[in-house]
Amino acid sequence: MSTFSLDPGEDQLAVRDWLHGFAADVMRPAAAEWDEREETPWPIIQEAARIGIYSPDFYAQQYFDPSGVGIPIAMEELFWGDAGLGLAIVGTTLAAVAVLANGTAEQIGTWAPQMFGTPDDVKLAAFCSSEPDAGSDVSALRTRAVYDQAKDEWVLDGTKTWATNGGIAAVHVVVATVDPALGARGQASFVVPPGTPGLSQGQKFKKHGIRASHTAEVVLDGVRVPGHCLLGGKEKLDARLARAREQAAQGGAGGQGGRAKGANAAMATFEASRPAVGAQAIGIARAAYEVALDYAKTRVQFGRPIIDNQGVAFTLADMKTRIDAARLLVWRASWMAATNQPFTSAEGSMSKLYAGETAKWVTAQAMQILGGNGYTREYPVERMHRDSAIYSIFEGTSEIQRLVIARSISGLPIR
Ligand SMILES: Cc1cc2nc3c(=O)[nH]c(=O)nc-3n(C[C@H](O)[C@H](O)[C@H](O)COP(=O)(O)OP(=O)(O)OC[C@H]3O[C@@H](n4cnc5c(N)ncnc54)[C@H](O)[C@@H]3O)c2cc1C
């Protein structure tokens with residue numbers, strides 16, 4: 001078993017420096033333009049693919065890095081570059097993690113390459129769980145998956161919303177309910193292959209931040225996918241449904257209450273990706289902190305740099321302290337996941353909660369330190385502040401993280 005260390009090792013530090021170069025030289029100069037254009041930044045994704053940052057191999061390497069902190073380090077550097085462009089580059093991994101978490105080895109081998117495409121023909125993937133009436137409450141999903149035994153096909157019908165890369169992705173991973181009576185435990189995840197008829201993009205959302213990342217509704221109208229597109233396979237699903245029905249009949253955790261233990265496809269995906277999302281938030285916070293520190297040292301008012309005032313210097317001290325504390329929580333959770341430690345106090349949720357709230361707080365302080373300049377688009381902290389706001393919303397809101405932590409530490413079904 002690998003022991004926890006704050007030294008990621010030479011290989012990981014080399015990856016960090018390489019990503020930092022890409023973030024500084026390619027992402028930063030392009031960030032403001034793509035934020036304004038509010039379009040998918042294909043040239044940036046293509047450049048990431050060309051040098052090997054946008055590929056299943058790169059993420060697999062980071063994911064399986066024995067230090068356990070490969071993914072957080074990569075996320076922090078890319079999101080230090082820019083959060084909108086960062087999400088445009090890594091949005092595919094949410095769908096990839098869903099396949100990794102729920103799929104067979106064969107399914108992973110089939111779909112991962114198709115999600116990323118090649119440097120000459122870049123593709124995206126989308127993970128579609130949220131629906132208009134099922135955001136925090138994933139057990140309320142209405143999208144139905146019905147098995148057509150004669151054709152060995154699944155038929156998907158419903159409307160998904162807020163899907164990152166939704167409608168422009170080659171591969172969509174869709175969470176649907178197979179047995180609505182079982183709530184979250186009656187759900188399964190399906191791959192919708194490229195070009196499948198019946199899947200279309202609905203409304204594309206105009207957003208407050210992370211505007212270079214595409215977010216849209218996905219409409220599924222009689223979408224037919226082959227039986228092998230059910231992640232994990234039918235035998236495993238049938239066994240799981242039978243267990244859930246048995247527990248429900250005994251008045252156990254088979255119904256909606258079962259979701260507290262993360263015993264469904266969507267929750268499994270979210271659990272695995274929470275520390276990585278926290279690391280993204282840390283990247284934004286660190287970027288804003290650095291701008292504010294430089295500014296405070298050079299901006300002169302009342303005949304001295306503004307950092308000479310304790311009020312400003314202490315804010316910067318708190319910003320740095322919170323960022324480092326958040327990183328420690330993220331690294332711990334990521335290491336626990338990599339070494340299969342049980343999350344006895346919902347440490348993954350803790351890391352995402354604290355890092356997300358830290359990013360919002362730090363970017364707000366950075367705007368304050370930059371005064372009027374902080375409020376304009378001449379300086380990047382205004383964009384960073386807008387970008388940070390998503391980190392208390394997606395991948396489980398801050399309230400939902402607190403709910404998960406509270407249930408975990410108390411053992412009680414807190415509502
Ligand atoms: C930019 C963006 C990208 C996204 N990408 C994806 C994606 O790729 N795939 C995907 O499936 N989804 C995605 N989402 C959806 C995202 O995960 C949801 O928005 C999020 O889970 C919250 O759901 P909701 O918006 O329906 O809010 P609601 O669940 O309606 O929550 C509204 C408010 O009520 C609070 N609340 C709800 N229940 C409770 C409770 N029990 N206790 C206390 N407070 C509660 C919430 O914390 C929140 O403050 C994305 C969203 C955005 C905005």
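The following legends describe several views of a predicted model.

**Figure 1. Overview of the whole protein.** The predicted model contains 14 helices and 11 strands. Its C-alpha trace spans about 80 × 50 × 40 Å along the principal axes. A compact globule of 415 residues would have a radius of gyration near 22 Å, and the value for the protein, 22 Å, agrees with this. Of the 415 residues, 51% count as buried. Among contacts with a separation of 6 or more, 74% are made by residues 24 or more positions apart.

**Figure 2. The division into domains.** Three domains are assigned: domain 1 covers residues 10-122, domain 2 covers 125-247 and domain 3 covers 265-410. The C-alpha centres of domain 1 and domain 2 are 23 Å apart.

**Figure 3. The contact of domain 1 with domain 2.** Domain 1 contributes 25 residues to this contact, and domain 2 contributes 21 residues. On the side of domain 1 that touches domain 2, at least two residues come from each of the helices α1 (10-37), α5 (83-90), α6 (92-102) and α7 (105-116). Helix α6 gives the most to this side, with 7 residues. Sorted by class, this side of domain 1 has 13 nonpolar, 10 polar and 2 charged residues.

Figure 4. Helix α11 runs over residues 347-369 and has 23 residues. From its first C-alpha to its last, α11 reaches 32 Å, which is close to the 33 Å expected at 1.5 Å a residue. Helix α11 is mostly covered, with 18 of its 23 residues buried. In an α-helix there are 3.6 residues a turn, so residues three or four places apart point the same way. After α11 comes Gly 371, which has a positive phi, near 55°.

Technical notes: Residues are numbered from 1 along each chain as its sequence is written. This is a predicted model: local features need pLDDT of at least 70, side-chain atom pairs count only at pLDDT 80 or more; totals for chains, interfaces and linings use all residues. Domain bounds come from an automatic or database domain assignment. Two residues are in contact if their C-beta atoms, placed from the backbone, lie within 7 Å. Helices (H or I, at least four residues) and strands (E, at least two) are DSSP runs, numbered from the N terminus. Ala, Val, Leu, Ile, Met, Phe, Trp, Tyr, Cys and Pro count as nonpolar, Asp, Glu, Lys and Arg as charged, and the others, Gly among them, as polar. The expected span of a helix is 1.5 Å times one less than its number of residues. A residue is buried if 20 or more other C-beta atoms lie within 10 Å of its own, exposed if 12 or fewer, and partly exposed in between; C-beta atoms are placed from the backbone. The radius of gyration is taken over C-alpha atoms; the globule rule is 2.2 Å times the number of residues to the power 0.38.
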